[in-house]
Amino acid sequence: MPARNVVSQGVLDSKVRYSRVASDDDDGYIDLQFKRSPPKVPYKAIVLATVLFLIGSLLIIIGALLLAGYFGISHSDRTVPVLIIGILVFLPGFYHLRIAYYASKGYPGYSYDDIPDFDD
């Protein structure tokens with residue numbers, strides 16, 4: 001196998017030009033690469049979460065009043081499904097509103113990225 005660089009009398013027989021490496025303070029990065037852009041607020045998702053929260057709250061209140069007998073009802077078997085649907089609608093709305101509130105206040109561990117957004 002032939003040698004890559006043949007040294008004759010202390011001089012390399014290479015035609016490669018070498019240049020000095022950049023100084024330690026210039027590492028090729030700029031500060032803007034590491035700065036976060038302001039968070040994109042998912043307004044549509046927050047509005048949907050608010051609507052789910054309000055509808056779920058209303059259905060829970062109506063279901064509880066139906067179950068307690070404050071309304072005159074002819075079919076008492078329809079009270080529990082209203083309450084269950086209210087809980088199922090309330091929970092995702094409350095969850096996403098809580099994340100949006102904590103993200104807006106800047107609590108650690110919460111961000112708007114945790115809320116699914118409707119990409120148009």
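In the predicted model, Phe53 has a relative accessibility of 25% and therefore counts as partly exposed, since buried residues fall under 20% and exposed ones over 50%. Phe90 is also partly exposed, because its relative accessible area is 21%. For Phe94 the relative accessibility is 39%, so Phe94 counts as partly exposed as well.

These residues take part in aromatic pairing, and the structure holds six aromatic pairs. A pair of aromatic rings is described by the distance of the centres and the angle of the planes. The ring centres of Phe53 and Phe90 are 5.2 Å apart and the ring planes stand at 35°, so this pair is tilted. Phe53 belongs to helix α1 and Phe90 to helix α2, so the pair ties together parts that lie 37 residues apart in sequence. The rings of Phe90 and Phe94 have their centres 5.8 Å apart and their planes at 10°; this pair is therefore stacked. Both Phe90 and Phe94 lie in helix α2, where they are four residues apart, about one turn of the helix. Elsewhere, ring pairs link Tyr101, Tyr102, Tyr107 and Tyr110 into a cluster.

Helix α2 covers residues 79–105, a run of 27 residues. At 1.5 Å a residue, this helix should span 39 Å, and its end C-alpha atoms are 38 Å apart, so the two values agree. Just after α2, Gly106 takes a positive phi of about 85°.

Several residues of α2 are buried, namely Thr79, Gly86, Val89, Gly93, Ile99, Ala100 and Ala103. The cover over the buried residues of α2 includes α1, residues 43–68. Thr79, a residue of helix α2, has a relative accessibility of 4% and so counts as buried. Apart from its neighbours within four places in sequence, Thr79 is in contact with Gly63, Leu66, Leu67 and Ile73.

The largest nonpolar core is made of six residues: Ala45, Ile99, Ala100, Ala103, Tyr112 and Ile115. Helix α2 supplies the largest share of this core, three residues. Ile99 is one of the residues of this core. With neighbours within four places in sequence left aside, Ile99 is in contact with Tyr110, Ser111, Asp114 and Ile115.

Key: Residues numbered from 1 in each chain as written. Predicted model: local features only at pLDDT ≥ 70, side-chain atom pairs only at ≥ 80, totals over all residues. Heavy atoms only, no water. Helix = DSSP H or I, 4+ residues; strand = E, 2+ residues; numbered from the N terminus. Expected span 1.5 Å × (residues − 1). Buried < 20%, exposed > 50% of the residue type's maximum accessible area, 1.4 Å probe, protein only. Contact = heavy atoms within 4.5 Å. Core = buried A, V, L, I, M, F, W, Y, C linked by side-chain atoms within 4.5 Å. Phe/Tyr/Trp six-rings, centres within 6.5 Å; stacked < 30°, edge-to-face > 60°.
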